[in-house]
Amino acid sequence: MHKTDNRFRLPQGLRQAAALLPVFAALAWVCASAQAAPQGELAAKETRHIASTFPGRMAGSQKEDLTARYLADRLLAMGYKPTLHRFFTSYTFNWESKPERVHDERTMISTNVIAERRGTSGKQIIVGAHFDTRIPRSERDLARNIGGPKLEGLDDNASGTGVLLELAQAFAKANPRHTIKFIAFGAEEIGLKGAIEVVNRMTPKERANTLWMVNIDSIVTGDRLYFHAGPLTYAQNPKTGHARDRALAIAASLGITAATNPGLNADYPKGTGCCSDQAAFDRAGIPVVNLEATNWELGDKDGYQQTAVSKAFPDGYSWHLVDIDNRAHLETNLPAGRVDERTRDAIRILTPLVSELAGLKR
């Protein structure tokens, strides 16, 4: 894995080591009480299963509904009482060849899957990942084989969904101070509609009592892991970078290479990210931390190019491409064991992070 000078390095000394002891004490409790399987094993298994069993998880489609029901069943088996929140949404299909239909709006019903482990404080943190895949939104998309019923979306975002499920299992019997709400979002690919629906349903009191939103999106293809704060909340209050910094500190203590946006593109401020479900919460004034894998030093330095241009990745990314974002292509053309490594690293970092943010009781 390529290393970059902007990655976070944990300072040496007993003071820093001592600061991590409560986190890893909670982590040890969670791991011991949750499962005997190695960390990341369930996440990797679910990532592969969701990608290969439910391709074409487009918002409003039967496959999206089937995936939502599958996720609810998995959460139910862990001991949660999941709910399926249905909501109406829409998107626009652009017809280049039919100017009279250039704004062809289509409506559908999408679903968010929600489960929680109740705390005692009246406050909450939200841990989320979207499970839908891209809908072709123009004739150009169709011609380029972008989205559609054959898109497996192993990277975007079966990977984040798999990690979400393992995190839910890890905390299924925990006793957090703050409620941990797990949300699998629908309709992310048509404008973060699932996340926006969640935010819109929140009362002002619930928004004020939401301490953090942790988002996981596309952690396989990119050259390295990144953690970001939200650009709006961070600009207003730099303390909202706390969860990002804690994630980077935990990663460094575990010997896992992780970075944050170096700020090489002025439109994307240093230390912040964009373009996934956490943005809806950031706009609502809720502090966020986003985990992704990409390479902010390539292309337009906006985080969209995930890896070097090559025969296997002609555009330097896998996002939304039917022939590339699938299990066979990624597991053949990425370094051996990438899916297992990334899901394991995500779990190793996020489990103590969520424990800390939720004020987990031992």
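Me: In which helix does arginine 327 lie?

Reply: Helices here are DSSP runs of H or I with at least four residues and strands are runs of E with at least two, numbered from the N terminus. The model is predicted: local features need pLDDT of at least 70, side-chain atom pairs count only at pLDDT 80 or more, and totals for chains, interfaces and linings use all residues. Residues are numbered from 1 along each chain as its sequence is written, and side-chain values use heavy atoms, with hydrogens and water left out. Arginine 327 lies in the run 327-333, which is helix 11.

Me: Does arginine 327 count as buried, partly exposed or exposed?

Reply: Buried means under 20% relative accessible area, exposed means over 50%, and partly exposed is in between (1.4 Å probe, protein chains only). Because its relative accessibility is 34%, arginine 327 counts as partly exposed.

Me: Beyond its neighbours within four places in sequence, which residues is arginine 327 in contact with?

Reply: Contact means heavy atoms within 4.5 Å. Arginine 48 is 279 residues from arginine 327 in sequence, yet their C-alpha atoms are 6.9 Å apart. Leaving aside the neighbours within four places, the contacts of arginine 327 are Arg48, Ser52, Glu152 and Leu154.

Me: What arc do the buried residues of helix 6 cover around the axis?

Reply: The buried residues of helix 6 are Gly194, Ala195, Val198 and Val199. They lie on the same side of helix 6, because the arc they cover around the axis is only 135°. That arc is taken from the directions from the helix axis to the C-beta atoms. What covers these residues includes strand 1, strand 2, strand 5, helix 7 and helix 10.

Me: Which residues lie nearest the centre of the largest pocket?

Reply: On a 1 Å grid over the protein atoms alone, a pocket is an open set of points where a 1.4 Å probe fits, with protein on both sides within 12 Å along at least five of seven lines; lining residues have an atom within 4 Å of a point. The largest pocket holds about 450 Å³, a volume being the space filled by probe spheres set on points that are joined across faces, edges and corners. Of its 21 lining residues, those nearest the centre are Glu188, Cys275, Tyr304, Trp319 and His320.

Me: Which element supplies the largest share of the lining of the second largest pocket?

Reply: The second largest pocket has a volume of about 330 Å³. Its lining has 20 residues, with Thr83, Ile114, Ala115, Glu116 and Lys181 closest to the centre. Among the elements that supply at least two lining residues are strand 1 and helix 6. The largest share, five residues, comes from strand 2.
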